[in-house]
Amino acid sequence: MSMLENSRRIVVKVGTSTLTHATGALHIRRIGALVRVLSDFKNAGKEIVLVSSGAVSAGVAKVGAARPSTIAEKQAMAAIGQSELMRLYDQLFSLYGHTVAQILLTRDVLDNPVRRDLAENTFESLLSRGCIPIVNENDPVSTDELTKFGGNDILSAYVARVCHADVLINLSGVDGLYDKDPGKHPDATLIDRVDDLSEALMAAAGGAGTERGTGGMEAKLRAATLSTEAGIPMFIMNGHDPDILYRLLDGEHVGTYFTAKE
């Protein structure tokens, strides 16, 4: 029996490189496939929380602007793109009879016990009503280390903790964690299971993210640490074909599995 079959509450994080074309415009077919699979999981009795990147790229594509270089420009594009993302998610999930809800978070919300409890209650209320919370960092008002998570990889781990998730799935542009940077070393080997995130593994993680995204393997490993230390296992998988989630549900080993700490 697969872990997903035993998991009731699943947090799925999807990155910008998965959600967009190389042009920066939204990848409609891939987003549609992701929504279809997550809707099917929902129909099977799973509770789904989606942490979605892509707001800045969606905003850039919407207004036909150049890639923003200043904080103000990035925040403006995120504000435009977030509404575009939610409009698309709402339309697509509604085709399968599911209701979505938008939650925008900043780091200070979850660092404050009172506000964290309120956020936790909101998630619980939405999930109890059968909604699919769609979460993103509140980029238009998040500007420093006090309010920023440092990307949605890290945010997804915090969300998994707040939601008391059974598993966190990080859908990325890579197949998983390798023993060395596969972009520089063609002989790099995929690591299928990690029980202990050693310094050596962290050092082998490689650099930052893609041109369109902010994450990278280092951020994903930080997320894995936050998640597994809270007793929540995590997977890193290639999200370019969302049907890969079915393989995981069927018990096939896919990507890199980070075991939860006892």
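Visitor: Which element gives the largest share of the lining of the largest cavity?
Guide: That is α3, with three residues. Helices are DSSP runs of H or I with at least four residues, strands are runs of E with at least two, and both are numbered from the N terminus. This is a predicted model, where local features need pLDDT of at least 70, side-chain atom pairs count only at pLDDT 80 or more, and totals for chains, interfaces and linings use all residues. Residues are numbered from 1 along each chain as its sequence is written, and side-chain values use heavy atoms, with hydrogens and water left out.

Visitor: How many cavities of 30 Å³ or more are there?
Guide: One. A cavity here is a set of points on a 1 Å grid over the protein atoms alone where a 1.4 Å probe fits but cannot get out, and its lining residues have an atom within 4 Å of a point.

Visitor: What volume does the largest cavity have?
Guide: About 30 Å³, taken as the space filled by probe spheres set on the points, which are joined across faces, edges and corners.

Visitor: Which residues line the largest cavity?
Guide: V14, T18, L19, R30, I31, L34, L171, G239 and P242. The elements giving two or more residues to that lining are α2 (16-19) and α3 (28-43).

Visitor: What is the lining like by class?
Guide: Six residues are nonpolar, two polar and one charged. Ala, Val, Leu, Ile, Met, Phe, Trp, Tyr, Cys and Pro count as nonpolar, Asp, Glu, Lys and Arg as charged, and the others, Gly among them, as polar.

Visitor: Is C163 buried or exposed?
Guide: Buried, at 1% relative accessibility. Buried means under 20% relative accessible area, exposed over 50%, and partly exposed in between (1.4 Å probe, protein chains only). C131 also counts as buried, at 13%.

Visitor: Where is T106?
Guide: T106 sits in the loop between β3 (100-105) and α6 (107-111), and is buried at 9% relative accessible area.

Visitor: What does the side chain of T106 make a polar contact with?
Guide: With the side chain of D108, at 2.6 Å. A polar contact is a pair of N or O atoms within 3.5 Å; within protein, one must be able to donate a hydrogen and the other to accept it, and residues adjacent in sequence count only if both atoms are side-chain atoms.

Visitor: And A72, buried or exposed?
Guide: Exposed, at 54% relative accessibility. A72 lies in helix α5 (residues 71-94), and its C-alpha atom is 32 Å from that of I48, 24 residues apart along the chain.

Notes: 1 Å grid on protein atoms, 1.4 Å probe; cavity = no way out; pocket = protein on both sides within 12 Å on 5 of 7 lines; lining within 4 Å.
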